[in-house]
Amino acid sequence: MPDTLDAFRDAIRQATASGTPLRFRGGGSKDFYGQELAGTVVDTRAHAGIIDYDPAELVITARCGTPLAEIEAALAERRQMLAFEPPHFAGADGAAQATLGGAVAAGLSGPRRQSVGALRDFVLGVHMMDGRGDALQFGGQVMKNVAGYDVSRLMAGSLGTLGLILDVSLKVLPVPFDDATLRFELPQAEALTRLNQWGGQPLPIAASVWHDGTLHVRLSGAAAALRAARQRLGGDAVDEADARRLWQDLREQTHRFFAPVREGAPLWRIAVPSTAAPLALPAGAGDTQLIEWGGGQRWWVPREPVPAETVRAIALAAGGHATLFRNGDKSEGVFTPLSRPLAALHARLKAAFDPAGIFNPRRMYAGL
């Protein structure tokens, strides 16, 4: 699509010359994520379409403005999927339609991340445009194609601060032969213990979630493997339709746990080792936490305002870090502050790709 590329290039070069900030935006479904929204919007949705899809090689390449729904529909026809389950976060009216470029720039993954890995692990190659208006190609369409620094995966989670993602090649996976979800009534500490015990065993656990005294475990794989796992684990089987709704609600944060967040309450995402004990969060009764990824991702909705420094100190003591995912006071920083060496590395990368500093300024950190 040379017309859209020329338009992007012209917009970037004019903005670089004048020092005008730019904000790359697809459907806008992740506008809530990160810190400040600044700059003239560059709408990427016209640069859309699947460029190449090879089901035999498990690779799909599509332009940045391609709706995620379109990609997932094409994969579903061949019983394949984006295994990291990127959330769409569409608005209640469906107006915010998530795009591929936005999904990669946000770098977010869904419930299956526990078993398959994060979005960045599936990025094979990226075609992007830097602050000079030059189109750059990194990676390719196979897993082992990188010599040196893997810039393509660097774009995952960069929130558009390094450049405009033009198109992406992703590894896809077959849809599992079968799925089953089990339910266990367990307090948080016992649920974490069991998840870590099961995590060290050859069990087909694809996802897990604990909330309000109930642990759900999703099994995926061959029917025989699921039967054996169900006999080994016990628990109560969950109706197929209810299970499908549960995992979808978790992916899109429409689960009842997130209802206060939709009304404006702050939502913290705390990443810790899966073996970490229950966190001693202020006013942290069980129903204010939801735990995913085998214990590694802990969502928290505080009942009262809590300083970011307090939350991050608790996360650090457990060997992790904390992100103010939605709402709340962003003045203390959405993401955990970088150490001096890491901040210097970020600044050098920013200067290399965006020398004028015009791409999504301050979206991640105040100084970038």
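Residues are numbered from 1 along each chain as its sequence is written, and side-chain values use heavy atoms, with hydrogens and water left out. Because the model is predicted, local features need pLDDT of at least 70 and side-chain atom pairs count only at pLDDT 80 or more, whereas totals for chains, interfaces and linings use all residues.

Helix α1 covers residues 2-18. Helices are DSSP runs of H or I with at least four residues, strands are runs of E with at least two, and both are numbered from the N terminus. Within α1, the residues T4, L5, F8, R9, I12 and A15 are buried, where buried means under 20% relative accessible area, exposed over 50% and partly exposed in between (1.4 Å probe, protein chains only). Viewed down the helix axis, the buried residues of α1 fall within an arc of 140 degrees, so they line one face of the helix; the arc is that of the directions from the helix axis to the C-beta atoms. The face turned away from this buried side carries the exposed residues P2, D3, Q14 and A17. The buried residues of α1 pack against strands β1 (22-25), β2 (40-43), β6 (123-129), β7 (135-139) and β8 (164-171), contact being heavy atoms within 4.5 Å. Just after α1, G19 has a positive phi of about 75 degrees.

The count of salt bridges comes to 18, a salt bridge being a side-chain nitrogen of Lys or Arg within 4 Å of a carboxyl oxygen of Asp or Glu. One of them joins R112 to E85, with an N to O distance of 3.3 Å. This pair links distant parts of the chain, 27 residues apart: R112 is in the loop between α3 (100-106) and α4 (113-116), and E85 is in the loop between β5 (80-81) and α3. Both R112 and E85 are buried. In the salt bridge between D130 and R132, the closest N and O atoms are 3.4 Å apart. D130 counts as buried at 4% relative accessibility, while R132 is partly exposed at 40%. R194 and E190 form a further salt bridge, at 3.0 Å from N to O. These two residues are four apart in helix α6 (residues 188-199), and are therefore separated by about one helical turn. Both ends are partly exposed, R194 at 25% relative accessibility and E190 with a relative accessible area of 33%. Elsewhere, salt bridges that share partners join E85, R112, D179 and R218 into one network.

Strand β15 (residues 289-292) points Q289 and I291 one way and L290 and E292 the other, and all are buried. In a regular strand the side chains alternate between the two faces of the sheet. Strands pair if DSSP finds at least two bridges between them. Strand β11 (residues 205-211) pairs with β15 in the antiparallel sense over three bridges, and H211 has L290 as its bridge partner. Strand β16 (residues 297-300) also runs antiparallel to β15, joined to it by four bridges, with Q289 opposite W300. β15 and β16 form a hairpin with four residues between them, and W293 in the turn has a positive phi of about 55 degrees.

How values were computed. Expected span 1.5 Å × (residues − 1).
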